Amino acid sequence: MTSEHIVPKSTYYAIFIILLVMTYTTVQVAYFDLGPWNPVAALVIAFFKASLVVLFFMHGKYSSKLIKLVILGALFWLGIMLSFTMMDYLTRFMG
Amino acid sequence: MTSQAAVAPPRALQHHFDSLEQQRDVATLGMWIFLVTEALFFGGLFTAYLVYRSMYPHAFAVASEHTLIALGAANTAILITSSLTMALAVHAAQEGNQKSIIRFLVFTFLLGTAFLVLKGVEYTVDMRDHLLPGANFAIAGANPGHAEIFFSLYFIMTGLHAIHMIVGLSLLVVIMYMTSKGRFSKEYHAPVEVMGLYWHFVDIIWIFLFPLLYLIDRHK
């Protein structure tokens with residue numbers, strides 16, 4: 001059982017500002033030619049933003065081990081679906 | 001010795017739980033598990049997107065340039081703000097501040113509605129520009145068949161997301177109603193928390209949709 005942890009409002013405001021700054025950053029970076037690294041940069045920023053939402057807005061950081069395990073489980077199975085699928089397609093037509 | 005009167009269980013405590021705390025833990029666990037299924041649900045569409053983007057990178061890049069980046073970026077900011085107001089609503093619930101709960105839920109609702117309005121504007125412009133897959137689809141500078149796949153994914157993914165937004169807005173009204181009836185307190189406010197989890201998740205989906213659909217290739 002977990003007793004409820006009340007996140008201070010100042011934390012929420014700080015995370016909010018960071019999320020807006022990262023949104024602005026991701027748009028600006030999209031206008032730079034980074035070659036094959038553009039999608040990488042976009043996804044790294046998106047992943048970081050999502051992590052902030054999960055950890056602080058959704059109280060992931062303050063949740064029980066069970067819920068943390070559930071969150072990791074989602075990432076794990078999503079990871080399998082994305083990586084194994086792409087591993088298949090990207091290694092076709094190799095002569 | 002004085003005998004103590006038995007303390008009545010809190011009205012919100014259901015008979016199959018030992019305590020409000022346990023009941024709350026179960027409610028949030030249930031929502032988290034549902035969100036995992038939702039992540040895999042959208043995940044399938046993201047997988048399809050990745051496969052086709054790797055197969056038709058040029059067509060996807062050209063197609064992406066036709067999306068309305070200003071509206072997409074504005075909607076991203078709107079949803080992030082709505083997550084803030086939702087978190088503040090949960091915070092108010094933890095403090096037992098009924099007026100603030102409703103105030104922040106209303107803000108969240110208004111922001112969510114603004115998102116859908118902008119989405120509607122976008123769809124209208126997209127359809128006018130022949131970007132809706134089907135008989136009237138037309139695009140210049142790329143293989144139209146491949147670009148049409150991009151826009152199929154665009155409409156399905158943002159459409160599915162919009163449906164989730166509409167469900168979220170409906171649930172917000174329900175939670176607002178429950179709050180106005182005095183159902184929540186410092187001790188019991190699990191529905192507000194669970195509402196928050198759902199809302200933040202819908203925000204996270206958009207956080208990934210925005211760069212993948214709108215920002216593929218803006219530097220050419």
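**Figure 1. Domain spacing in chain A of the predicted model.** The C-alpha centres of domain 1 and domain 2 of chain A are 21 Å apart. Domain 1 of chain A covers residues 1-61. Domain 2 of chain A covers residues 64-95.

**Figure 2. The contact between chain A and chain B.** Chain A contributes 39 residues to the contact, and chain B contributes 35 residues. On the chain B side, the elements giving two or more residues are helix 1 (20-55), helix 3 (69-94) and helix 6 (190-214). Helix 1 of chain B supplies the largest share of that side, with 15 residues. By class, the side of chain B that touches chain A holds 20 nonpolar, 11 polar and four charged residues.

**Figure 3. The largest nonpolar core.** This core has 77 residues. Both chains take part: two or more residues come from each of helix 1 (9-30) and helix 2 (37-57) of chain A. In chain B, helix 1, helix 2 (57-65), helix 3, helix 4 (98-128), helix 5 (144-180) and helix 6 each give two or more residues to the core. Helix 6 of chain B gives the largest share of the core, 19 residues. In soluble globular proteins, nonpolar side chains tend to be buried together.

**Figure 4. Close-up of B:Ala89 in the core.** Which residues touch the most other members of the largest nonpolar core? They are B:Ala89 and B:Phe150.

How values were computed. Residues are numbered from 1 along each chain as its sequence is written. Chains are lettered from A and ligands numbered from 1 in the order in which they are written. This is a predicted model: local features need pLDDT of at least 70, side-chain atom pairs count only at pLDDT 80 or more; totals for chains, interfaces and linings use all residues. Two residues are in contact if their C-beta atoms, placed from the backbone, lie within 7 Å. Helices (H or I, at least four residues) and strands (E, at least two) are DSSP runs, numbered from the N terminus. Ala, Val, Leu, Ile, Met, Phe, Trp, Tyr, Cys and Pro count as nonpolar, Asp, Glu, Lys and Arg as charged, and the others, Gly among them, as polar. Domain bounds come from an automatic or database domain assignment. A nonpolar core is a set of buried Ala, Val, Leu, Ile, Met, Phe, Trp, Tyr and Cys residues joined through C-beta atoms within 7 Å. A residue is buried if 20 or more other C-beta atoms lie within 10 Å of its own, exposed if 12 or fewer, and partly exposed in between; C-beta atoms are placed from the backbone.
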